[in-house]
Amino acid sequence: MNLTFRLLLLTLRVRLSPRRRLSLWDESRTPFRVTLTDLDPLRHVNNGKYLSLLDLGRFELMLRSGAWRTFGEHGWYPVVAAQTITYKRSLTLGQRFELRSRVLGVDERAVYMEQTFVRHGDVVARAVVQARFLRRTGGTVQPDELLAAVGGSPRDLTLPGWVTAWAGAVRVSGAGRA
């Protein structure tokens, strides 16, 4: 329920805020405060909660850039195909922090984002997310189609080598046993 409430607040804040509209290629900064429902028994933010907050950060970037509307018009929606997160510090009850989200680049299969939790200028956790886009009618959207729909990119979207290596390492083959 807490995530639904945050989603509602985020959507209202974006629609009612005079903040400038972002490009899909900009970094979005989503502010949060740690609530009681974010905590685990050790009284710091639960590791699973970070993953849920990542969803909200990506949503804000797509909403503020207008990409969410474009994807909807095409009948496309994003899904997380893989992600990894590294935790450096804890967040505790009442602390304010921001989630910075930006597109790193694309390959022939997916879009990659870096999302960083920051508190007072210090990195709390950092995630790399691989996202694919699916069609509501079935099938996947190729990254070149996606780029064409949003008007291209003003910068080179070649992935850093470490992201390419990570993507290869986490790829699950369709063949083989479970």
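Good morning. Please keep in mind throughout that the structure before you is a predicted model.

I shall begin with the helices. Helix H1 covers residues 2-16, and helix H2 covers residues 47-65. Two packed helices are described by the angle between their axes and the distance between the axes. For H1 and H2, the axes come within 11 Å, and they cross at roughly 20°. How are H1 and H2 oriented, roughly parallel or roughly antiparallel? Angles under 35 degrees count as roughly parallel, and H1 and H2 are therefore roughly parallel to each other. Their crossing is right-handed.

Leu 8, Leu 12 and Leu 16 together make a nonpolar surface patch of about 320 Å². One of these residues, Leu 16, belongs to H1. Is Leu 16 buried or exposed? Leu 16 has a relative accessible area of 69%, and because exposed means over 50%, Leu 16 counts as exposed.

Gly 57 lies in H2, and its relative accessibility is 0%. Buried means under 20%, so Gly 57 is classed as buried. Where does the chain bring Gly 57 in relation to Arg 102? The two residues are 45 residues apart in sequence, while their C-alpha atoms are 9.3 Å apart in space.

Side chains of opposite charge can pair when their charged atoms come close. How many salt bridges does the model contain? The count comes to eleven. I shall describe some of them in turn.

Consider Glu 114 first. Glu 114 forms a salt bridge with Arg 102, and the closest N and O atoms are 3.0 Å apart. Glu 114 lies in strand E4 (residues 111-119) and Arg 102 in strand E3 (residues 96-106), so this pair ties together parts that are twelve residues apart in sequence. Glu 114, at 14% relative accessibility, counts as buried, whereas Arg 102, with a relative accessible area of 30%, is partly exposed.

Glu 114 also forms a salt bridge with Arg 126, where the closest N and O atoms are 3.6 Å apart. This pair links Glu 114 in strand E4 with Arg 126 in strand E5 (residues 122-135), twelve residues apart. Arg 126 has a relative accessible area of 37% and is partly exposed.

Strand E5 takes part in a further pair. Arg 135 forms a salt bridge with Glu 145, the closest N and O atoms being 2.6 Å apart. Here Arg 135 sits in E5 and Glu 145 in helix H4 (residues 143-149), ten residues apart.

I turn now to the loops, and to the backbone angle phi. Arg 43 has a phi near 65°, which is a positive value in a residue other than glycine. Arg 43 is located in the loop between strand E1 (28-33) and H2, and with a relative accessible area of 62% it is exposed.

His 120 likewise has a positive phi, of about 50°, although His 120 is not a glycine. Which elements stand on either side of His 120? His 120 is placed in the loop between E4 and E5. With 68% relative accessibility, His 120 counts as exposed.

Is Leu 91 buried or exposed? Leu 91 has a relative accessible area of 1% and is buried. The C-alpha atoms of Leu 91 and Val 118 are separated by 9.9 Å, although these residues are 27 residues apart along the chain.

To close, I return to two points. Thank you for your attention.

Terms used:
Residues are numbered from 1 along each chain as its sequence is written. This is a predicted model: local features need pLDDT of at least 70, side-chain atom pairs count only at pLDDT 80 or more; totals for chains, interfaces and linings use all residues. Side-chain values use heavy atoms; hydrogens and water are left out. Patches are made of residues with over 30% relative accessible area and no salt bridge: like charges are joined within 9 Å, nonpolar side chains (Val, Leu, Ile, Met, Phe, Trp, Tyr) within 5 Å. Accessible areas come from the Shrake-Rupley method with a 1.4 Å probe; for residues, only the protein chains shown count as cover. A salt bridge is a side-chain nitrogen of Lys or Arg within 4 Å of a carboxyl oxygen of Asp or Glu. Helices (H or I, at least four residues) and strands (E, at least two) are DSSP runs, numbered from the N terminus. Buried means under 20% relative accessible area, exposed over 50%, partly exposed in between (1.4 Å probe, protein chains only). Axes are lines fitted to C-alpha atoms, for helices over the stretch in contact, and angles run from 0 to 180 degrees between N-to-C directions. Angles under 35 degrees count as roughly parallel, over 145 as roughly antiparallel, 65 to 115 as roughly perpendicular and the rest as oblique. A crossing is left-handed if the near helix is turned anticlockwise from the far one by less than a right angle, and right-handed if clockwise.
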